[in-house]
Amino acid sequence: APESLLITCKDLKQLKTDEEQLSEVLKVVVTNYSQYHECRAKVDLWIEWYKSQKEIHDSVTGKGN
């Protein structure tokens, strides 16, 4: 697998338990939202790569028919 697809997703940011400012809450939400979508794109690429490799493997080995 390509090295870029083997990197795990970052942990989402945690909100400080004593945080009361809505602006800080919003910053964490926006950061986590963008991290989620970045990770999802990577997972989608991983699935696409895996399926294409499986098709190639199956066509060479005669499996999947």
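Colleague: Why is Asp 58 called buried?

Modeller: This is a predicted model, and the value is computed from it. Asp 58 has a relative accessible area of 14%. Buried means under 20%, so Asp 58 is buried.

Colleague: What makes the contact of Asp 58 with Lys 54 a salt bridge?

Modeller: The closest N and O atoms are 2.9 Å apart. The cut-off is within 4 Å, from a side-chain nitrogen of Lys or Arg to a carboxyl oxygen of Asp or Glu. Therefore the pair of Asp 58 and Lys 54 counts. Both residues lie in helix H1, four residues apart, about one turn of the helix.

Colleague: Why is Lys 54 called partly exposed?

Modeller: Lys 54 has a relative accessible area of 38%.

Colleague: What makes Arg 40 and Asp 44 partly exposed?

Modeller: Arg 40 is at 45% relative accessibility, and Asp 44 is at 39%. Exposed would need over 50%, buried under 20%. Therefore both count as partly exposed.

Colleague: Why do Lys 27 and Glu 24 count as a salt bridge?

Modeller: The N to O distance is 3.1 Å. That is within 4 Å, so Lys 27 and Glu 24 pass. Both lie in helix H1, three residues apart.

Definitions and conventions. Residues numbered from 1 in each chain as written. Predicted model: local features only at pLDDT ≥ 70, side-chain atom pairs only at ≥ 80, totals over all residues. Heavy atoms only, no water. Helix = DSSP H or I, 4+ residues; strand = E, 2+ residues; numbered from the N terminus. Buried < 20%, exposed > 50% of the residue type's maximum accessible area, 1.4 Å probe, protein only.
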